[in-house]
Amino acid sequence: MSELPPIKVTELDIDRLEGMLDKTPYRGDARYDSLREELARAIVVKADEMPDDVVRMNSTVTFEVEESGRQFHLTLCYPHEIKGQPETLSIFAPIGSALLGLSVGQRIDWELPDTKHRHVKIIKVENPQPSN
């Protein structure tokens, strides 16, 4: 596996995600270890210090699977926000965990359940405007 690219996560996102991972049904579940590993290696920044081109929770991300050339345009969400919403991606899905904290132009080597590797490249990141 190639070296992992550096990632940034906001204080709010890491607090919420770590809080969720500490609760049932997520606590101790090995399926979420990749997300735990991503959070552990993240550079944590204040929300107002986060560059606009970095994937965070509720970002709409355009990314490409380089092997197929297929592009996806999905919004990274918490699991409870997914129900019935098209074009959403759970942070608990392996690709959701992999996208968090990446910026435009970065690539990540993503292992699929069939043990094949795919290379995913971030094309565009759109973040919701903060509410005042």
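Among contacts in the protein with a separation of 6 or more, 55% link residues 24 or more positions apart. A contact means heavy atoms within 4.5 Å. The model is predicted: local features need pLDDT of at least 70, side-chain atom pairs count only at pLDDT 80 or more, and totals for chains, interfaces and linings use all residues. Residues are numbered from 1 along each chain as its sequence is written, and side-chain values use heavy atoms, with hydrogens and water left out.

The protein has 132 residues, for which a compact globule would have a radius of gyration near 14 Å. The protein has 14 Å, so the two agree. This radius is taken over C-alpha atoms, and the globule rule is 2.2 Å times the number of residues to the power 0.38. Along the principal axes, the C-alpha atoms fill a box of roughly 40 × 35 × 35 Å.

## Helices and strands

The count is 3 helices and 7 strands. Both are DSSP runs, numbered from the N terminus: helices are H or I with at least four residues, strands are E with at least two. Along the sequence, the order is β-α-α-β-β-β-β-α-β-β.

## Surface and charge

Of the 132 residues, 42% count as buried. Buried means under 20% relative accessible area, exposed means over 50%, and partly exposed lies in between (1.4 Å probe, protein chains only). The accessible surface comes to about 7,700 Å². Carbon and sulfur atoms hold 50% of that surface. Accessible areas come from the Shrake-Rupley method with a 1.4 Å probe; for residues, only the protein chains shown count as cover.

There are 16 positive and 23 negative side chains. The centres of the two sets lie 3 Å apart. Lys and Arg count as positive, Asp and Glu as negative; His and the chain ends are not counted. Each charge is placed at NZ of Lys, CZ of Arg, CG of Asp or CD of Glu.

## Two buried polar residues

Thr-60 lies in strand 3, which covers residues 60-65. Its relative accessibility is 18%, so Thr-60 counts as buried. The side chain of Thr-60 makes a polar contact with the side chain of Thr-75 at 2.8 Å. A polar contact is a pair of N or O atoms within 3.5 Å; within protein, one must be able to donate a hydrogen and the other to accept it, and residues adjacent in sequence count only if both atoms are side-chain atoms. Leaving aside neighbours within four places in sequence, Thr-60 is in contact with His-73, Leu-74, Thr-75, Lys-124, Val-125 and Glu-126.

Gln-106 sits in the loop between helix 3 (94-99) and strand 6 (107-111). At 15% relative accessibility, Gln-106 is also classed as buried. The Gln-106 side chain reaches the backbone oxygen of Pro-6 at 3.0 Å. A polar atom of that side chain lies 2.7 Å from the backbone nitrogen of Ser-103. Not counting residues up to four places away in sequence, Gln-106 touches Pro-5, Pro-6, Gly-101, Val-120, Lys-121 and Ile-122.

## The loop between helix 1 and helix 2

Pro-25 belongs to the loop between helix 1 and helix 2. A cis peptide bond joins Thr-24 and Pro-25, with omega about 10 degrees. Most residues other than glycine have a negative phi, and most peptide bonds are trans.

Asn-58 has a positive phi, near 75 degrees. Its place is the loop between strand 2 (43-45) and strand 3. Asn-58 is partly exposed at 27% relative accessibility. Glu-87 has a positive phi of about 60 degrees and is not a glycine. Glu-87 lies in the loop between strand 4 (70-77) and strand 5 (88-90). At 54% relative accessibility, Glu-87 counts as exposed.

Pro-128 follows strand 7 (117-126), in the segment after it. Its relative accessible area is 49%, so Pro-128 is partly exposed. Pro-128 touches Asn-58 and Ser-59, not counting residues up to four places away in sequence. Pro-128 and Leu-99 are 29 residues apart in sequence, and their C-alpha atoms are 17 Å apart in space.
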